[in-house]
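Subject: Structure handover

Hello,

Here is the structure we spoke about. My notes on it follow below.

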Amino acid sequence: MTVKLDGAGTVTGVVRDAATGAGVADVCPSPTWPAFDANAGPNSSCTYAGGQYQIRNLGPYQWKLAFPAFDGRHAWAWSGNAATRSSATPVQVTAGETTALDVALPATGTVSGTVTVPEGTCLRCVSITAVDPTTGDWAGVETSPRADGTFTMKGFNPQDVRLLYSVGDGRVAYPDLIHTTAGGAVSGVAITVPAA
(Lines give C-alpha, C1' and ligand atoms only; values in the text may rest on other atoms or scores of the structure.)
Protein backbone atom coordinates (compact mmCIF):
# COMPACT_ATOMS: atom_id res chain seq x y z
CA MET A 1 0.00 0.00 0.00
CA THR A 2 1.22 3.51 -0.83
CA VAL A 3 0.42 6.35 1.54
CA LYS A 4 0.83 9.91 0.31
CA LEU A 5 1.25 12.65 2.89
CA ASP A 6 0.66 16.35 2.42
CA GLY A 7 3.54 18.73 2.97
CA ALA A 8 3.58 20.74 6.18
CA GLY A 9 3.65 24.45 6.93
CA THR A 10 4.10 26.61 10.00
CA VAL A 11 2.17 29.42 11.69
CA THR A 12 4.18 31.86 13.77
CA GLY A 13 3.67 35.21 15.42
CA VAL A 14 3.48 37.11 18.68
CA VAL A 15 0.78 37.05 21.35
CA ARG A 16 0.37 40.55 22.75
CA ASP A 17 -1.64 42.38 25.39
CA ALA A 18 -4.44 44.13 23.49
CA ALA A 19 -4.10 47.30 25.58
CA THR A 20 -0.33 47.70 25.90
CA GLY A 21 1.12 45.69 23.00
CA ALA A 22 3.49 43.87 25.37
CA GLY A 23 4.21 40.20 24.79
CA VAL A 24 2.16 37.75 26.85
CA ALA A 25 3.74 34.73 28.54
CA ASP A 26 2.06 31.43 29.43
CA VAL A 27 -0.14 31.21 26.34
CA CYS A 28 -0.27 27.64 24.99
CA PRO A 29 -1.45 27.78 21.33
CA SER A 30 -3.13 24.77 19.80
CA PRO A 31 -4.29 23.78 16.30
CA THR A 32 -6.88 21.40 17.75
CA TRP A 33 -8.54 22.57 20.96
CA PRO A 34 -7.47 24.48 24.09
CA ALA A 35 -6.54 22.56 27.21
CA PHE A 36 -8.03 23.68 30.52
CA ASP A 37 -4.60 23.68 32.17
CA ALA A 38 -1.20 24.94 31.04
CA ASN A 39 -0.05 22.27 28.61
CA ALA A 40 1.53 22.91 25.24
CA GLY A 41 -0.69 22.04 22.28
CA PRO A 42 0.33 19.66 19.48
CA ASN A 43 3.46 20.80 17.60
CA SER A 44 3.87 23.96 19.68
CA SER A 45 5.20 25.35 22.96
CA CYS A 46 3.81 27.81 25.49
CA THR A 47 4.99 31.41 25.15
CA TYR A 48 7.62 33.17 27.23
CA ALA A 49 7.75 36.87 28.16
CA GLY A 50 8.17 38.07 24.56
CA GLY A 51 4.97 36.32 23.47
CA GLN A 52 6.52 34.60 20.42
CA TYR A 53 4.95 31.32 19.36
CA GLN A 54 5.26 28.78 16.56
CA ILE A 55 2.93 25.94 15.55
CA ARG A 56 4.76 23.45 13.31
CA ASN A 57 3.89 20.58 10.98
CA LEU A 58 0.42 21.76 9.98
CA GLY A 59 -1.18 20.37 6.85
CA PRO A 60 -2.02 22.72 3.95
CA TYR A 61 -5.55 23.44 5.12
CA GLN A 62 -7.48 26.12 6.94
CA TRP A 63 -6.99 25.96 10.70
CA LYS A 64 -8.88 27.60 13.55
CA LEU A 65 -6.16 28.15 16.15
CA ALA A 66 -6.74 28.44 19.91
CA PHE A 67 -4.72 30.75 22.19
CA PRO A 68 -5.56 29.91 25.82
CA ALA A 69 -3.78 32.14 28.35
CA PHE A 70 -2.73 30.79 31.75
CA ASP A 71 -1.10 33.91 33.20
CA GLY A 72 -4.23 34.88 35.16
CA ARG A 73 -4.46 38.29 33.48
CA HIS A 74 -5.64 37.65 29.92
CA ALA A 75 -8.68 36.21 28.18
CA TRP A 76 -8.45 33.21 25.88
CA ALA A 77 -8.83 33.84 22.16
CA TRP A 78 -8.98 32.13 18.79
CA SER A 79 -7.46 33.13 15.46
CA GLY A 80 -8.80 36.48 14.30
CA ASN A 81 -8.91 37.56 17.98
CA ALA A 82 -12.26 35.78 18.27
CA ALA A 83 -13.78 34.64 21.55
CA THR A 84 -14.88 31.19 20.33
CA ARG A 85 -14.16 28.57 17.69
CA SER A 86 -17.47 29.42 16.01
CA SER A 87 -16.40 33.01 15.38
CA ALA A 88 -12.70 32.30 14.69
CA THR A 89 -11.04 33.26 11.42
CA PRO A 90 -9.50 30.21 9.70
CA VAL A 91 -5.79 30.49 8.92
CA GLN A 92 -4.69 29.09 5.57
CA VAL A 93 -1.48 27.08 5.84
CA THR A 94 0.67 26.44 2.75
CA ALA A 95 3.05 23.48 2.58
CA GLY A 96 6.67 24.53 2.91
CA GLU A 97 5.81 28.07 3.95
CA THR A 98 5.41 30.08 7.14
CA THR A 99 2.22 32.05 7.78
CA ALA A 100 2.35 35.04 10.13
CA LEU A 101 -0.44 35.55 12.66
CA ASP A 102 -0.23 37.92 15.60
CA VAL A 103 -2.81 37.72 18.40
CA ALA A 104 -4.09 40.40 20.80
CA LEU A 105 -5.53 39.24 24.13
CA PRO A 106 -7.84 41.48 26.20
CA ALA A 107 -7.98 41.46 29.98
CA THR A 108 -9.57 38.35 31.42
CA GLY A 109 -13.15 38.13 32.54
CA THR A 110 -13.73 36.27 35.80
CA VAL A 111 -16.42 34.05 37.31
CA SER A 112 -16.52 33.64 41.07
CA GLY A 113 -18.72 32.02 43.67
CA THR A 114 -18.89 29.35 46.32
CA VAL A 115 -18.84 25.56 46.48
CA THR A 116 -20.70 23.62 49.17
CA VAL A 117 -20.05 19.90 49.68
CA PRO A 118 -21.69 17.30 51.94
CA GLU A 119 -20.13 16.86 55.37
CA GLY A 120 -17.07 14.64 55.19
CA THR A 121 -16.50 15.32 51.48
CA CYS A 122 -13.17 16.71 50.27
CA LEU A 123 -13.86 20.33 49.29
CA ARG A 124 -10.49 20.93 47.65
CA CYS A 125 -10.98 17.78 45.55
CA VAL A 126 -13.76 19.45 43.56
CA SER A 127 -12.56 20.81 40.21
CA ILE A 128 -14.46 23.41 38.20
CA THR A 129 -14.10 23.81 34.45
CA ALA A 130 -15.88 25.85 31.79
CA VAL A 131 -16.91 24.89 28.27
CA ASP A 132 -18.32 26.63 25.23
CA PRO A 133 -21.93 25.36 25.20
CA THR A 134 -22.02 25.30 21.39
CA THR A 135 -18.73 23.59 20.53
CA GLY A 136 -17.81 21.86 23.79
CA ASP A 137 -14.33 23.45 23.77
CA TRP A 138 -12.73 24.25 27.10
CA ALA A 139 -13.28 27.96 27.70
CA GLY A 140 -11.38 28.92 30.86
CA VAL A 141 -8.72 27.88 33.34
CA GLU A 142 -9.68 24.95 35.57
CA THR A 143 -9.83 25.81 39.27
CA SER A 144 -10.70 24.34 42.67
CA PRO A 145 -12.34 26.01 45.65
CA ARG A 146 -10.22 27.60 48.34
CA ALA A 147 -10.35 26.31 51.91
CA ASP A 148 -13.28 28.65 52.64
CA GLY A 149 -15.28 27.30 49.68
CA THR A 150 -14.85 30.33 47.42
CA PHE A 151 -13.49 30.09 43.88
CA THR A 152 -12.50 32.34 41.00
CA MET A 153 -12.14 31.24 37.37
CA LYS A 154 -10.20 33.21 34.76
CA GLY A 155 -9.60 33.30 31.01
CA PHE A 156 -12.98 34.54 29.78
CA ASN A 157 -13.71 36.66 26.71
CA PRO A 158 -17.20 37.97 25.79
CA GLN A 159 -19.04 34.66 25.49
CA ASP A 160 -21.52 32.26 27.05
CA VAL A 161 -20.00 29.46 29.11
CA ARG A 162 -21.24 26.38 30.89
CA LEU A 163 -19.57 25.51 34.20
CA LEU A 164 -18.90 21.86 35.00
CA TYR A 165 -17.90 20.59 38.42
CA SER A 166 -16.51 17.22 39.36
CA VAL A 167 -18.47 14.73 41.41
CA GLY A 168 -16.51 11.52 41.90
CA ASP A 169 -15.31 10.38 38.48
CA GLY A 170 -17.90 12.41 36.57
CA ARG A 171 -18.82 16.02 35.91
CA VAL A 172 -22.09 17.81 36.58
CA ALA A 173 -23.23 20.89 34.66
CA TYR A 174 -24.16 24.03 36.55
CA PRO A 175 -27.79 24.63 35.49
CA ASP A 176 -27.45 28.17 34.08
CA LEU A 177 -25.37 29.48 31.23
CA ILE A 178 -23.10 32.33 32.32
CA HIS A 179 -22.37 35.31 30.09
CA THR A 180 -18.88 36.67 30.57
CA THR A 181 -17.13 39.80 29.28
CA ALA A 182 -13.46 40.61 28.82
CA GLY A 183 -12.30 42.51 31.88
CA GLY A 184 -15.65 41.99 33.61
CA ALA A 185 -16.63 39.99 36.67
CA VAL A 186 -19.52 37.60 37.27
CA SER A 187 -20.03 36.77 40.94
CA GLY A 188 -22.47 34.90 43.12
CA VAL A 189 -22.31 31.50 41.42
CA ALA A 190 -23.36 28.94 44.04
CA ILE A 191 -22.41 25.31 43.38
CA THR A 192 -23.83 22.64 45.70
CA VAL A 193 -22.29 19.21 45.28
CA PRO A 194 -24.96 16.56 45.98
CA ALA A 195 -24.43 13.74 48.44
CA ALA A 196 -23.21 10.51 46.88
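In these notes, helices (H or I, at least four residues) and strands (E, at least two) are DSSP runs numbered from the N terminus. The model is predicted, so local features need pLDDT of at least 70 and side-chain atom pairs count only at pLDDT 80 or more, while totals for chains, interfaces and linings use all residues. Residues are numbered from 1 along each chain as its sequence is written, and side-chain values use heavy atoms, with hydrogens and water left out.

Overall fold

The protein chain has 15 strands and 0 helices. Its radius of gyration (over C-alpha atoms) is 18 Å, close to the 16 Å from the globule rule for 196 residues, so the chain is as compact as a globular protein of that length. The rule is 2.2 Å times the number of residues to the power 0.38. The C-alpha trace spans about 60 × 50 × 25 Å along its principal axes.

Of the 196 residues, 44% are buried; buried means under 20% relative accessible area, exposed over 50%, and partly exposed in between (1.4 Å probe, protein chains only). Contact means heavy atoms within 4.5 Å. Among contacts with a separation of 6 or more, 66% join residues 24 or more positions apart.

Cores

A nonpolar core is a set of buried Ala, Val, Leu, Ile, Met, Phe, Trp, Tyr and Cys residues joined through side-chain atoms within 4.5 Å. The largest one has 20 residues, of which Val11, Val15, Leu65, Phe67 and Leu105 touch the most other members. At least two residues of this core come from each of β1 (9–17), β2 (52–58) and β8 (103–105), and β2 gives the largest share, 3 residues. A second, separate core has 19 residues, including Val111, Phe151, Tyr174 and Ile178.

Beyond four places in sequence, Val11 touches Tyr53, Gln54, Ile55, Leu58, Leu65, Val91, Val93, Thr99 and Leu101.

Single residues

Gln159 is in strand β12 (residues 159–167) and is buried, at 7% relative accessible area. Apart from neighbours within four places in sequence, Gln159 is in contact with Ala83, Thr84, Ala139, Ile178, His179 and Thr180.

Asp26 lies in the loop between β1 and β2. Its phi is positive, near 65°, in a residue other than glycine, and Asp26 is partly exposed at 40% relative accessibility. Asn57 is not a glycine either, yet has a positive phi of about 55°. Asn57 sits in strand β2 and is exposed, at 55% relative accessibility.

Regards
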